[in-house]
Amino acid sequence: MHGPASPGWLLVALCGITGAYCLLRMRSTVEEQRRAAGGEALMGFGMAAMAVPAAVFTPPAWTWPAYAAVFAAAALHALWSARAGGHHLHHLMGAVAMVYMSLVMAAAPEAGHGGHGDAGVPLLTGVLLAYFTAYVLLSGVRLVPVTAGGPGVGWGDRPELARACRLSMGIAMLTMLLTL
């Protein structure tokens with residue numbers, strides 16, 4: 001991502017911590033929780049890697065097409081899983097956004113973390129921005145009435161933390177799309 005290094009490092013920290021918590025959620029006894037957490041961990045770590053400031057590390061040119069391929073596979077998996085529940089449609093949107101950002105970065109003239117000249121297709125960027133803005137606002141509203149789990153609930157099974165995790169990734173995705 002371009003811009004000052006401090007926001008980039010904050011995004012790296014937010015997404016990395018979120019990805020790590022999602023790995024912890026994969027130890028849940030609830031099968032659906034484990035499945036969703038795996039995709040969210042991939043998204044968190046992928047967003048953290050993508051947010052590393054360009055002044056610190058400029059990835060080789062093959063990195064962006066590799067990102068696009070990994071998240072295209074994640075998008076296909078989310079599309080297949082959407083048959084079982086609507087939550088997977090959000091995973092699909094996140095994976096599509098990551099593929100889109102990877103392709104924009106690959107097409108950037110500097111072949112680094114993107115240039116200021118070409119921010120991708122404005123219509124698609126606008127649609128993704130609108131989706132993630134709505135998602136963040138709705139997730140924030142849904143987070144408010146959630147009660148904390150009781151003393152017998154493990155860290156991987158706490159619904160309020162899972163929702164906060166998704167909200168954090170939605171905010172990070174919105175930020176990354178704005179700085180594209």
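Me: In this predicted model, a helix is a DSSP run of H or I of at least four residues, numbered from the N terminus. In which helix does L129 have its place?

Reply: L129 lies in helix α5. Helix α5 covers residues 122-143.

Me: What is L129 in contact with, leaving aside its neighbours within four places in sequence?

Reply: With those neighbours left aside, L129 is in contact with L174, L177 and L178. As for A97, its C-alpha is 9.5 Å from that of L129, while 32 residues separate the two in sequence.

Me: Why does R166 count as buried?

Reply: The cut-off for buried is under 20% relative accessible area. R166 has 16% relative accessibility, and therefore counts as buried. The residue belongs to helix α6. Leaving aside neighbours within four places in sequence, R166 is in contact with R25, Q33, A36, E40, H87 and Y135. Across the protein, 43% of the 180 residues count as buried.

Me: What makes α4 oblique to α5?

Reply: The two axes cross at roughly 140° and come within 11 Å. Angles over 145 degrees count as roughly antiparallel and those from 65 to 115 as roughly perpendicular, with the rest, apart from angles under 35, counting as oblique. The crossing angle of α4 and α5 therefore makes the pair oblique. The crossing is left-handed.

Me: Which residues make the contact of α4 with α5, and how do they divide by class?

Reply: Helix α4 contributes H90, M93, G94, A97 and Y100, and α5 contributes L124, T125, L128, Y131, F132 and Y135. By class, eight of these residues are nonpolar, three are polar and none is charged. Gly counts as polar under this scheme, so G94 of α4 falls in the polar class.

Me: What makes a set of residues a nonpolar core, and how many residues does the largest one have?

Reply: The residues must be buried, of the nonpolar types listed for a core, Met and Phe among them, and joined through side-chain atoms within 4.5 Å. The largest such core has 38 residues, and M43, M47, M98, M101 and M173 have the most contacts inside it. Elements giving two or more residues are α1, α2, α3, α4, α5 and α6. Helix α4 gives the most, with nine residues. Leaving aside neighbours within four places in sequence, M43 is in contact with F71, H91, G94, A95, M98, M169 and M173.

Me: How many helices and strands does the protein have?

Reply: The protein has six helices and zero strands.

Key. Residues numbered from 1 in each chain as written. Predicted model: local features only at pLDDT ≥ 70, side-chain atom pairs only at ≥ 80, totals over all residues. Heavy atoms only, no water. Buried < 20%, exposed > 50% of the residue type's maximum accessible area, 1.4 Å probe, protein only. Contact = heavy atoms within 4.5 Å. Axes fitted to C-alpha atoms, helices over the stretch in contact; angles between N-to-C directions. Left-handed = near helix turned anticlockwise from the far one by under 90°.
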